[in-house]
Amino acid sequence: TLEAWVKKSSAKVDVAVLGSWSNAQAGGPMIWVDHAGGRYYLTLGAASFADYLDSGRTPAVGQWEHIAATYDGATARFYVGGVEVASKPFTGNVGNTNTWRLGAYEATPTGFFDGQLDNVRIYDRALTAAEVAVDMSSRIQQETTPPVVTKATPADGSSGSNAGTTPTVTFNEPMRSSSITTTTFQLKDGTGAVVPATVAYSSATRTATLTPQSALAYGSGYTVTVQGGAGGVADNFGNLLAATTTWSFTTEASPPDILVVTSTARPFGSYVGEILKNEGLNAFTTIDVAFISPALLSGFDVVVLGDTALTPAQVTSLTGWVDGGGNLVALRPDKQLAGLLGLTASTATRSNAYLKVDTATPAGAGIVGATIQYHGTADLYTLGDATAVATLYSSASTATTNPAVTLRSVGTNGGQAAAFAYDLARSVVQTRQGNPSWAGQERDGVTGIRPDDMFYSTWLNTAKIDIPQADEQQRLLVNLITRMNADRMPLPRFWYLPRGEKAVVVMSGDDHSPGNAPGGTAFAFDRFEELSPPGCSVVDWECVRSSSYVYPDSTLTNAQAAAYAAAGFEIGQHPIVSSCPTAPITETQLGSIFDTQLSAWRARYTSIPSPVSSRTHCVYWPDWASEAKVELARGIRLDANYYHYPTPWIGARPGFMTGGGFPMRFADTTGAPIDVFQQNTNLTDESTTNYLLHIDTLLDNALGPNGYYGAFGANMHTDDPQPHPGAETIVEEAQARGVPVISYKQLLDWVDGRDASTIRGLTWAAGSLSFTTTVDAGARGMQLLLPMQGPSGRLSALSSGGQPVAYTVQTIKGIEYAVFGVSTGAYQATYS
Ligand SMILES: [Zn+2]
């Protein structure tokens, strides 16, 4: 049904009222004033005038009139003034368009309407004459429900917030952005004074963010206020937030050891924090470059400087701080720092090439010695009195004379200055997510736009696919920080997986029932239950568990879903845009498709939670990050679409298409993180050519001396009720090595729990390191790595709450660590 109140201002003909007719898209339904007789028509199907329904009525110029057209699959009807004026039978496709317009038609709009339209209604069914009459006599009611705050950060009553904290507030519905201002959204310090700040609102996430214009004070209380009532924040209809919302938090007591310097102008710097967190270096503060000063820097031992331009005053501050003993790691530094870094700058650059780590250097020891790819632009320097930790290569086998990573000792106070000639953060993002300029392109020769199209074929050198190239570069950064800071204090880190696991299989399957009958989700889950050891613990990842992505009308019943979810399996949504689209669609279009299918899915599976992980049919991925944003707005926070594919390209090569072994947040095109984790699907039953070779290679490289740790995703389709040869092989090989097999949701719970855990209060005094940890409930089995070497010698005693803590000694990527299970508490480590 299409309905509107119409007031034409002239006798203009060939004008659209509303609908979706587009010639190139096989016509479509539209209320239209025809080009010949100038009467209201309902177009149906393709461009065949004879098929259309002629209302027989000419618009009344200068007068409001209510018009409506319906089609019930057999008969088209036209109503004027609430009365049926014409009808005719129609069979066939009414059209395939997705180009909806008011007052125009065609993909390139034309047929512009003259006059006014009001109270436009579109239904996905044919209204009766009585219903049309009711609509005619009732105006569309304005929505009058006030907006509600659904989330506020930092959490009310929380402590330990970063001095660079940017409070956020999320609403349950779209907000009028002009109502969210520095007056209606404020941060106040302990005296009640308003902290100068900027405020921004994202309609995509319905979240407002407040960015203070100075670093917050340590150990101080702050209150955030979102104004309700008159003059307060309002939704898109002008409904005011009912009451003022306030919440309070306290900043961390003192600076942590590491400062990450970001830049609002170049937001890739904010991804540095994502890298440190993934590597378990949890104790850092993030602050915008505008805030750095000698006083601020004096609180930190290590500064990781993201890609940013610097003022001469900032160069002076950083130089003075390094002279005084500070440890600087600069990513694609401003060339004003060249002297401090011991480098000679040029204007030449080299993009998207290779580097080779010198494994004979202390920081390079334990990192892969083969050439590996970086992405983005590297500046070409020559070495002054710095040493090269890694060298740029123009190809996988051709060295250049330019360093990729350098280190220089500065002055007599133990200061050191290191540089990555390229922006490590951008490189990690683009190694993981592909080439942004290829986003939305169909490139791999297999119908459908997928993530691998952004890699195909030269972005990833498949001869390097066995190496987690992004991870190795992240670990070089961590090694540099750890080695550089060894004269100040040993830096503890969280391990990647529970209980010291070096690998985990993340099992899943897509189930295309009911189209592919009878569906195999229940069979697959039963089979995994059979393969699980008797008496196994789900929470300790001892049982074989998996995810299955299903359609809303899957053959899996709501009752079955409830039972399997209670047993620790995950049932998620398999969104479908269509069978392997070759054209991008917008974020709004994708969101609406997700909404339709998700509401059907939720209506069917009422007994289980809304999905938190997702893989789309054909792993459709229309552009750089729209799908991640669509997922985030709908509570889906782990994405399984990055998929090793297709067979002729990487099918015979086990490894890391994304260069990373663990889930990390997506980054937007700007580099700003999106709170949805990318989990690589390394193994698929439509591209993995040899299950045994692939799983064994992945697991052995993770468990063995290469240290290519990872969470390895698998899509072994749950379409059929029979044992899946790929799933059987993967589970058998994992179990033979003691490697857990878990669902995507179990992995997300762990990643969120690890992310929410903290290492704080690092203090070095008189040969002893003390720190406190909080371990989130989701991070069951968390382990800590503590360097064995400290400023005053080797670790000689470790205790918590006065009790000795047992540890093992392991060398991880060239650095010796004490490794132990950690819980919430205070720790004391003596080095002598
Ligand atoms: Zn599918």
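Select β3 and β4, a hairpin with 6 residues between its strands; helices (H or I, at least four residues) and strands (E, at least two) are DSSP runs, numbered from the N terminus. In the turn, G38 has a positive phi of about 70°. The model is predicted: local features need pLDDT of at least 70, side-chain atom pairs count only at pLDDT 80 or more, and totals for chains, interfaces and linings use all residues. Residues are numbered from 1 along each chain as its sequence is written, and side-chain values use heavy atoms, with hydrogens and water left out.

**The hairpin and its neighbour**

Strand β3 (residues 30–33) pairs with β4 in the antiparallel sense over 4 bridges; two strands pair if DSSP finds at least two bridges between them. W32 has Y41 of β4 as its bridge partner. Buried means under 20% relative accessible area, exposed over 50%, and partly exposed in between (1.4 Å probe, protein chains only). In a regular strand the side chains alternate between the two faces of the sheet.

**The open sheet**

Proceed to the 9 strands that form an open sheet with mixed pairing, in the order β20-β19-β21-β22-β31-β30-β29-β25-β26. Its edge strands are β20 (284–288) and β26 (372–373), each of which pairs on one side only. Within the sheet, select β21 (residues 302–305) and β22 (residues 327–331), which run parallel and are joined by 4 bridges. V304 has V329 in β22 as its bridge partner. Then show helix α2 (residues 271–278), which packs on the sheet and touches β19 (258–262), β20, β21 and β22. The direction of α2 makes about 150° with that of β19; axes are lines fitted to C-alpha atoms, for helices over the stretch in contact, and angles run from 0 to 180 degrees between N-to-C directions.

**An enclosed helix and the core**

Select helix α6 (residues 424–433) next: 9 of its 10 residues are buried, so the helix is largely enclosed by the rest of the structure. The buried residues of α6 include L424, V428 and R432. They pack against α2, β22, β31 (415–420), α7, β38 (664–667) and β39 (673–678), where contact means heavy atoms within 4.5 Å.

From here, colour the largest nonpolar core, which has 174 residues. Such a core is a set of buried Ala, Val, Leu, Ile, Met, Phe, Trp, Tyr and Cys residues joined through side-chain atoms within 4.5 Å. F420, I481 and L786 touch the most other members. Helix α7 (residues 469–484) supplies the largest share of this core, 7 residues. Centre the view on I481, which touches I258, L276, L281, V302, V304, V329 and L491, not counting residues up to four places away in sequence. Another core, of 21 residues, lies apart from the largest one and includes L2, A4, L18 and L44.

**The zinc site**

Select the zinc ion, which is coordinated by H512 (NE2), H574 (NE2) and H617 (ND1) at 2.0 to 2.1 Å. Donors are N, O and S atoms within 2.8 Å of the metal (3.2 Å for Na, K and Ca); water is not among the atoms, so sites may look incomplete. Along the chain, the donors of the zinc ion follow the spacing H-x61-H-x42-H. H574 lies in the loop between β35 (570–573) and α10 (587–604), and H617 in the loop between β36 (613–614) and α11 (626–633), so this pair ties together parts that are 43 residues apart in sequence. Both H574 and H617 are buried.

**Two further buried residues**

Go to P646, in the loop between β37 (638–639) and α12 (647–650). P646 is buried, with a relative accessible area of 4%. Leaving aside neighbours within four places in sequence, P646 is in contact with D444, V446, D452, G651 and S687. The C-alpha atoms of P646 and D453 are separated by 9.6 Å, although these residues are 193 apart along the chain.

Finally, select E733 in helix α14 (residues 725–736). E733 counts as buried, at 13% relative accessibility. Beyond residues up to four places away in sequence, E733 touches L692, I695, D696 and L699.
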